[in-house]
Amino acid sequence: MHEVQDPVLLEHLLRHLLTARAVEERCIRMVKQGIQPKFFSAWGNEATAVGTAAALDRDDVLVPMHRSLGAHLVRGHSLDEIFLQAFLKDDSHTRGRDTGLHLGAAGTNIIGMISPLGSMNTVAAGIAMAEQLMGQETVVLAYIGDGGTSTGVFHEAMNFIGVRQLPVVTVIENNQWAFGTPNELQFGCETLADRGPAYGMPSVRIDGTDVRAVYEATKEAVHRARAGQGPALIESLTMRMRGHAEHDDMAYVPDEMVDEWGQRDPVTQYLQWLRDGNHLPELDVDALRASIEQEVLEASDRARAASDPNPASALTGVFHETADGKKPDRSNSSVSVAPTSEVVGERAAETASRLGEGRTVEPIPTPGTEVSYIDAIRHCLHHHLQSDPRTVLLGQDIGLMGGAFRATRGLSEQFGPQRVVDTPISEGAIIGGCIGLAIRGLRPVAEMQFADFVCSTFNELVNNAGTFRYRIGVGVPMVVRLPSAGGIGAGPFHSLNPEAWFAHSPGLKVVVPSTVEDAWGLLNTAIDDEDPVLFLEQKYYYRRAKGPLPDPEHRVPLGCARKARAGKDATVVTWGVGLDRSLEAADSLAARGVGDVEVLDLRSIVPWDKEAISQSVRQTSRLLVVHEARNTCGFGSEIAAWAAEELFEWLDAPVRRVTGADVPTPSHKELEKVTTPQTPDVIAALEELLGW
Ligand SMILES: Cc1ncc(C[n+]2csc(CCOP(=O)(O)OP(=O)(O)O)c2C)c(N)n1
């Protein structure tokens, strides 16, 4: 028996069902007329989108997907916002940078989606963690299609949500088709709801064409989550009544299926129920529909006439340094806004002090105390946990155990397991979780157990974290610590130098410290930076490099090379393990009187210090790049290409590179040596260069 009887709610649901349908009709027509670039119809999904979103409270957070049009409307996106985005206009949420239904403006409680399926569910988990850390009772409502449930990262998200019992309600919009793939080729269990208990949460399968059933099931799940009783999974069964997008004729879908589900159209069904029970006797449905259609028409016309983005704007806003701060037009929007940074700070401080009650925080050694590189990292993390309540650490085994390399030893005891979070073995959940935490105003620092395992979450970094600011103007201030590089016989899966992959991906900053001073200084800067920073810490230096612990305020600006050795005859640009080899080589040449070599420790790959290299090469006229990462498309190629373009007139010799070989890193130390640059290799290259 349905409990949904309140006339205000009944009319609310009706209004949004009719609006969603009217937008559908308008968009389909405009795509046919060639006016609108693209449209992913949600025809048939209206009851699921509207009924779920209607069950939220004002400050809850929506993490929509591409069939969530009705949810956007319910949560307060105006028709103007929807059509401005559909036409990729300058005043739209993504200013022409992302596609039609990827709505979600900065600073609101609707989070703009990315296309890779499953990825947003980890972000939903991170947002829920953030809200918990701020002591809020916010519920996060996230969606996924039946096809999207097969992705690895979706399982990672659900497992993580289940393990931590986060207040996330996940709605599977099972419209029985994922592009051209039916349910029976998508999953082997009987229903997708069967998976709920295995993820550690209750689940239910509902009729997704019945808006009242959808509303009730979601309301109950939201209520449980808000009461601290954990997450839920709702499988809402519908039918995708049109092609995947308007270009798809869906000839592969059996006609009988379309006919059968056509009989269960969510809008018609609800209208029929209202009529049969005379539930809204005063309401003139035809007049309401006509006025909605008029509003839709006017909004779409207004949006069509709005300005297109300035083409030059496409080159701005990848990082906060180049963001122009332009905000989309939200004048008609009634979407609730996210807490401001001041409020986040206050809430985080309250939670941090509550979590800290009864715990003893050990003092950080006084500046000047000799420490190792790994201890400098640990003390810097400690410093941030202590001085900034927004700091949260996430990683595998980082809590109880203190991390594989003990970089977080003792921090969980001092700051609590809610701020030093042991995660499942799930790189996707760690990085997606960090994104969610960061966009809600916290300062997450992730640890990959080894840099190599970042491959398992490439998507979250490259497609999500790296594009967030560019797409919607939302910064993702997070740091990913990656124990990188070889030189210690760690073999093919524990020796990665991933700097070039990430340097090639817009929106990610990359740093490589090689000394105690830089480990502290770069980490300190990275945690305070407004963009995602990959911190490629070098296992080779963990216990080998020692030095005085810097002052807490010591910061190394990103993009500044360090002159590790002055010289006048040749310039070596290097970083990481290459620095040790290059300094040894330079000393050896000097001792033999062969040449006086300058060594620049680049230490920041994105951004990188072209000016320092330029200045040095103008004096030495010779340039050698040394890095342990593989040769082909290594970052040395970028430096060499740039030098050929910009420094040609200053060079007396070709630019040379000494790099890792294009092979996986072998485990046997002698084999590893052959595949990675050694001091004699650097000496030989310098001798050759000096001979020009
Ligand atoms: C990880 C990933 N792989 C492939 C795609 C391409 N793709 C976009 S939508 C889609 C089908 C999605 O099906 P489903 O999750 O059931 O959602 P629906 O479109 O049916 O609502 C595919 C394969 C993608 N976006 N992400």
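I started with cysteine 434, which is buried at a relative accessible area of 0% (buried is under 20%, exposed over 50%, partly exposed in between, with a 1.4 Å probe and protein chains only). Before going on, I noted that this is a predicted model, where local features need pLDDT of at least 70, side-chain atom pairs count only at pLDDT 80 or more, and totals for chains, interfaces and linings use all residues. Residues are numbered from 1 along each chain as its sequence is written, and side-chain values use heavy atoms, with hydrogens and water left out.

**Cysteines**

I searched the whole structure for disulfides and got zero (a disulfide is a pair of cysteine sulfur atoms within 2.5 Å). I have cysteine 560 down as partly exposed, at 29% relative accessibility.

**Ligand**

I listed 14 residues around the ligand, and His66, Arg67, Gly147, Gly148 and Trp177 come nearest (near means a heavy atom within 4 Å). By class, I get five nonpolar, seven polar and two charged residues in this shell; Ala, Val, Leu, Ile, Met, Phe, Trp, Tyr, Cys and Pro count as nonpolar, Asp, Glu, Lys and Arg as charged, and the others, Gly among them, as polar.

Then I went through some atom pairs. A ligand nitrogen sits 3.1 Å from a backbone N or O atom of leucine 117. Aspartate 146 puts a polar side-chain atom 3.1 Å from a ligand oxygen. For glycine 148, a backbone N or O atom is 2.8 Å from an oxygen of the ligand. The ligand taken alone exposes 580 Å², and the protein buries 71% of that (Shrake-Rupley areas, 1.4 Å probe).

**Cavities**

I found five cavities of 30 Å³ or more (a cavity is a set of points on a 1 Å grid over the protein atoms alone where a 1.4 Å probe fits but cannot get out; lining residues have an atom within 4 Å of a point).

Methods:
Polar contact = N/O pair within 3.5 Å; in protein donor to acceptor, adjacent residues only side chain to side chain. 1 Å grid on protein atoms, 1.4 Å probe; cavity = no way out; pocket = protein on both sides within 12 Å on 5 of 7 lines; lining within 4 Å. Points joined across faces, edges and corners; volume = space filled by probe spheres on them.
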